[in-house]
Amino acid sequence: MTTGKINVSVENIFPLIKKFLYSDHEIFLRELVSNATDATLKLKHLTQIGEASVEYGNPVIEVKIDKENKTLHIIDQGLGMTADEVEKYINQVAFSGAEEFLDKYKDSAKDTGIIGHFGLGFYSAFMVAKKVEIITKSYKDEPAAHWVCDGSPEFTLEPSDKTDRGTEIILHIADDSEEFLEDHRISSLLTKYNKFMPVPIKFGTKTEQKAFGVGEEEKMEEIQVDNIINNTNPAWTKQPTELKDEDYESFYRELYPMQFEDPLFNIHLNVDYPFNLTGILYFPKLSRDLQIQKDKIQLYQNQVFVTDNVEGIVPEFLTMLRGVIDSPDIPLNVSRSYLQADGNVKKISNYITRKVSDKLKSLFNENREDFEKKWNDIKIVLEYGMLSEPKFYEKAGAFTLYPTVDDKFYTLEELKEKFKDNQTDKDGKLVVLYAQDKEAQHGYIESAKAKGYEVLLLDSPIISHLIQKLESDNENLQFVRVDSDHIDKLIQKDETAISKLSDEEQEKLKTAIQEVVPSTNYNVQLEAMDSDSAPFLITQPEFMRRMKEMSASGGGGMFGMGNFPEM
Ligand code: ADP
Ligand code: MG
């Protein structure tokens, strides 16, 4: 038996680990299962390149609770360690074996999906355990080893009689961490972090119905089978060509078992140069309450769940989407502000934006009718994107739609073309009439329609910001709400509407109405009394209303989504 002192620069690193390594103690399990996965994938690689002449088989990782002894076990059938390797990989804190492995097998091991690279993963066990044992047997023909450490820098290392290949980690759970001896706690942690890891993970057993016999003799019987908690081959790791619509939908259900609505469409991300990124994003049907729509994209690294806070990695307007992003190239041990400055992360974010706009464009081109049907469910995301991401704005013109109150849909170019004869003002500016509320502005809408104008229905909460932007980018374009006085100034094609009232009567009526209208900034406009539209309209200058609106909304903090760009 050897005893020794763990090679650390700080005299006792364990209290530090416990306190500072990860704020979240629960991630110890993710780290240990990751190591077990790494060990299994390393063996797979070594057998594939002929360096290990052992049977790879169908290795499973098992997580087991022993309530009586208050221990938690993580058992793998991976490559194992010799006593020397335990010395080297375990005793030298922060010496990351994964990194060494990848260095050594740089070219052949690039795509093995090996996870570890911080070198402190294993020691996170001490966040929840007062004593940790490793019993391990290497695939090499050498005796098994047994390492024990109680959380001080002292350890013991002796031979063990373990005969089967692989490693068992035994955690003697600390008194203040006994929650990790509960089945439901471990089960929910495994589901959270390891649901899509590449090696099967067994946690207990479950009952399954199985048919025995044939024909009339057939009987259903309950049998106990391994409870495998993960899908080792999730949709995003496959090629888009391998997947049908149903596959994307069933993967969506797997990600969000409690979500009943189908997603509107999906975007498969798949790139390996100049960075590595895979994933599937879904456009959900947005609910009215946009607040609850964030934190739905899950970030993975090599199929290990990392976080559902993708702020800084995904452009903000896309945090309203759902789905999965998997990239080993996102630095995780850094602050969010660093992330935003990181060149690689910026590239990833731009790539995602581009993929989303390409997909929207092709959906629009392939089936415009369907796109129009979905418009109301996706417009908030798109409009927000146009306002916050210049790169998205550039592309969005090709598929952004402007619906009319009669459910017709125009692109901006189509609008310009359509309105150029009938809806211009004296200066030759195109005047786009719009309503924000079909009910409340009904009278104005009808009156505009009676005059032969088309009225858009623009009812998003951020529409006034988008309008400002469109106007400043399109010199000859002006948006005017139907209840503004501007409608008077339009050049009318045919002036058929004639009032039944005499000029004198009209003047009297106007004065009478004006007396009860509160402000001098409103105008009273009499309509043709025999039309379907309102008999008179109270209007106000467009700029007056906008000024009021802008000062009321304060111009920022949309849906609590951070700072809105200055208009
Ligand atoms: P990393 O995973 O980043 O390399 P860890 O602290 O998690 O760092 O693990 C340190 C090293 O210990 C690993 O690189 C590996 O060589 C070894 N190791 C840990 N767990 C196992 C295991 N279950 N089987 C084989 N080797 C292991
Ligand atoms: Mg590790």
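Where is the place of Met81? Met81 sits in the loop between β3 (71-76) and α3 (83-90).

## About this model

The model is predicted: local features need pLDDT of at least 70, side-chain atom pairs count only at pLDDT 80 or more, and totals for chains, interfaces and linings use all residues. Residues are numbered from 1 along each chain as its sequence is written, while chains are lettered from A and ligands numbered from 1 in the order in which they are written.

The chain has 15 helices and 21 strands; these are DSSP runs numbered from the N terminus, with helices (H or I) of at least four residues and strands (E) of at least two. Of its 567 residues, 35% are buried, where buried means that 20 or more other C-beta atoms, placed from the backbone, lie within 10 Å of a residue's own.

## Met81 and the listed site

An unreviewed UniProt entry lists Met81 under "binding site", together with Glu31, Asn35, Asp76, Ser96, Gly97, Thr167 and Arg336. UniProt positions follow the numbering used here, feature names are shortened, and annotations may be inferred rather than shown by experiment.

Met81 is buried because 26 other C-beta atoms lie within 10 Å. Setting aside residues up to four places away in sequence, Met81 touches Val86, Tyr89, Thr136, Ser138, Ala145 and Thr167; contact here means C-beta atoms, placed from the backbone, within 7 Å.

## The nonpolar core

A nonpolar core is a set of buried Ala, Val, Leu, Ile, Met, Phe, Trp, Tyr and Cys residues joined through C-beta atoms within 7 Å. The largest one has 116 residues, and those touching the most other members are Ala125, Leu171, Ile201, Ile280, Leu433, Tyr434 and Val455. Helix α2 (residues 27-48) gives the most to this core, with 10 residues.

Leu171 is in contact with Thr71, Leu72, Ala125, Val128, Ala129 and Val132, leaving aside neighbours within four places in sequence.

## Two open sheets

Strands count as paired if DSSP finds at least two bridges between them. Five strands form an open sheet with mixed pairing, in the order β10-β11-β14-β12-β13. Its edge strands, β10 (265-271) and β13 (304-307), each pair on one side only. Within this sheet, four bridges join the parallel strands β12 (residues 297-301) and β14 (residues 322-326), and Leu299 stands opposite Ile325 in β14.

Another open sheet has three strands, ordered β18-β17-β19, with parallel pairing. β18 (455-457) and β19 (477-481) each have a single partner strand, so one side of each is left without a neighbour in the sheet. Five bridges join β17 (residues 430-435) to β19, with Leu433 opposite Val480.

Conventions:
A residue is buried if 20 or more other C-beta atoms lie within 10 Å of its own, exposed if 12 or fewer, and partly exposed in between; C-beta atoms are placed from the backbone. Two residues are in contact if their C-beta atoms, placed from the backbone, lie within 7 Å.
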